[in-house]
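Subject: Structure handover

Hello,

I am passing a structure on to you. Please open it first, then read my notes below.

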Amino acid sequence: MKISTVLIEDEQNALDHLKALLADFCPNIELAGTANSVASGVAILRECNPQLIIADIELPDGTTFDILNQIPDFSFNIIFITAHSEYAIKAFKISAIDYLLKPIDIDELIAATNKAEEQMSHQSLEARIKALLGNLSRADYQDKKIVLTYNHVFHVINITDIIFCQSEVNYTNFYLRDNRQILSSKNVSEFEEMLNEHGFFRANRQYLINVKHIVSFNKTPCGYVSMVNGYEIPVSFRRRDLLVELISKL
């Protein structure tokens, strides 16, 4: 399957390099056009309606987000190229949006284009983009969202609604405040990296808990926390002092 693709990049050398990489290593990509600014990006996307765009975020007259805001009902998938801060990269991760760091790694480019081919879903993409834009613009974690994926189904949920995450080998089961459980096809260690700045704590190898949903902490030799949904989760002996320190900051 050939994927009709538009490249958005304002640096000519970088654009030429990206085109060469795609031609040599991504036979599923069919170049439909290029743009080097917000204005030309909006024009070409309206003209050719591609299936995929690969876009640098920073452009001379704005950002790729400005382009998306002018295309009200897009059906293309997106791979961002970024040299953004670690904070921004985490926003991409929790929004389940693909990104490539400069300089572009060939294997990561191949993986991203293959993933885009598998995820040609209009509704899920719009939800992920909205979550990303919100996460980038919000300073307070109370309003931040995370996108959970399993079998090409995407769930957009508020981070504050997560009570805890349970490891299921290579998957993670999320327990939410409304009593839902959502399975994600990422392991719990990946979510620990995404959520450790949002009040989450690795209680043991199996559980990642939201400290703000702890009801009580039993510090007996078989120490455990009681969560708001009634679950009791053991806390490993070596991590109990860290948990006490976190709770004291609430």
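A residue counts as exposed when its relative accessible area is over 50%, and as buried when that area is under 20%. Val-169 has a relative accessibility of 71%, so Val-169 counts as exposed. Please keep in mind that this is a predicted model.

**Overview**

The chain has 250 residues, and 48% of them are buried. Its secondary structure comes to eight helices and 17 strands. Take the contacts with a separation of 6 or more: 57% of them join residues 24 or more positions apart.

Start with E1, residues 3-8. Six of its six residues are buried, so the strand is mostly covered. Ile-3, Thr-5 and Leu-7 point one way. Ser-4, Val-6 and Ile-8 point the other way. Both sets are buried.

Which strands pair with E1? One is E2, residues 29-35, which runs parallel to E1 and is joined to E1 by six bridges. Within that pairing, Val-6 has Gly-33 of E2 as its bridge partner. Between E1 and E2 the chain passes through helix H1, residues 12-25. This β-α-β crossover is right-handed.

E3, residues 52-56, also pairs with E1. The sense is again parallel, with four bridges. Here Thr-5 has Leu-52 of E3 as its bridge partner.

**Helix H5**

H5 covers residues 106-118, which makes 13 residues. From first C-alpha to last, H5 reaches 19 Å. That is close to the 18 Å expected at 1.5 Å a residue.

Which residues of H5 are buried? They are Leu-109, Ala-112, Thr-113 and Ala-116. Seen down the helix axis, these buried residues fall within an arc of 95°, so they line one face of H5. They pack against E1, H1, E2 and E3. They also pack against strand E6 (77-82) and strand E7 (98-101). The face turned away from the buried side carries Asp-107 and Glu-118, both exposed.

Look at the start of H5 too. A side-chain oxygen of Asp-105 reaches to within 3.1 Å of the backbone nitrogen of Asp-107. The loop between E7 and H5 holds Pro-103. Lys-102 and Pro-103 are joined by a cis peptide bond, with omega about -5°.

Glu-108 is also in H5. Its relative accessible area is 43%, so Glu-108 is partly exposed. Glu-108 and Asp-98 are 10 residues apart in sequence. In space they are 9.9 Å apart, C-alpha to C-alpha.

H7 spans residues 188-195. Val-188, Phe-191, Met-194 and Leu-195 are buried there. Down the axis of H7, its buried residues fall within an arc of 115°, so they line one face of the helix. Asn-187 caps the N-terminal end of H7. A side-chain oxygen of Asn-187 lies 3.0 Å from the backbone nitrogen of Ser-189.

Now turn to Arg-202, in strand E13, residues 200-202. Is Arg-202 buried or exposed? Its relative accessibility is 13%, so Arg-202 counts as buried. Its side chain reaches the backbone oxygen of Arg-205 at 2.7 Å. Leaving aside residues up to four places away in sequence, Arg-202 touches Val-188, Ser-189, Glu-192, Tyr-207, Leu-208 and Arg-239. Among these, Val-188 is one of the buried residues of H7.

**Positive phi values**

- Asn-49 lies in the loop between helix H2 (38-48) and E3. Its phi is positive, about 45°, although Asn-49 is not a glycine. Asn-49 has 52% relative accessibility, so it counts as exposed.
- Val-169 lies in the loop between strand E10 (162-168) and strand E11 (171-176). Its phi is near 60°, a positive value in a residue other than glycine.

**Where to look**

For a quick tour, begin with E1 and its parallel partner E2. Go on to E3, the other strand described here as parallel to E1. Then view H5 down its axis, where the buried residues line one face. Finish at Arg-202 and the backbone oxygen of Arg-205.

Best wishes

How values were computed. Residues numbered from 1 in each chain as written. Predicted model: local features only at pLDDT ≥ 70, side-chain atom pairs only at ≥ 80, totals over all residues. Heavy atoms only, no water. Buried < 20%, exposed > 50% of the residue type's maximum accessible area, 1.4 Å probe, protein only. Helix = DSSP H or I, 4+ residues; strand = E, 2+ residues; numbered from the N terminus. Pairing = 2+ DSSP bridges. Right-handed = clockwise from strand over helix to strand, strands pointing away. Polar contact = N/O pair within 3.5 Å; in protein donor to acceptor, adjacent residues only side chain to side chain. Contact = heavy atoms within 4.5 Å. Expected span 1.5 Å × (residues − 1). Arc of directions from axis to C-beta.
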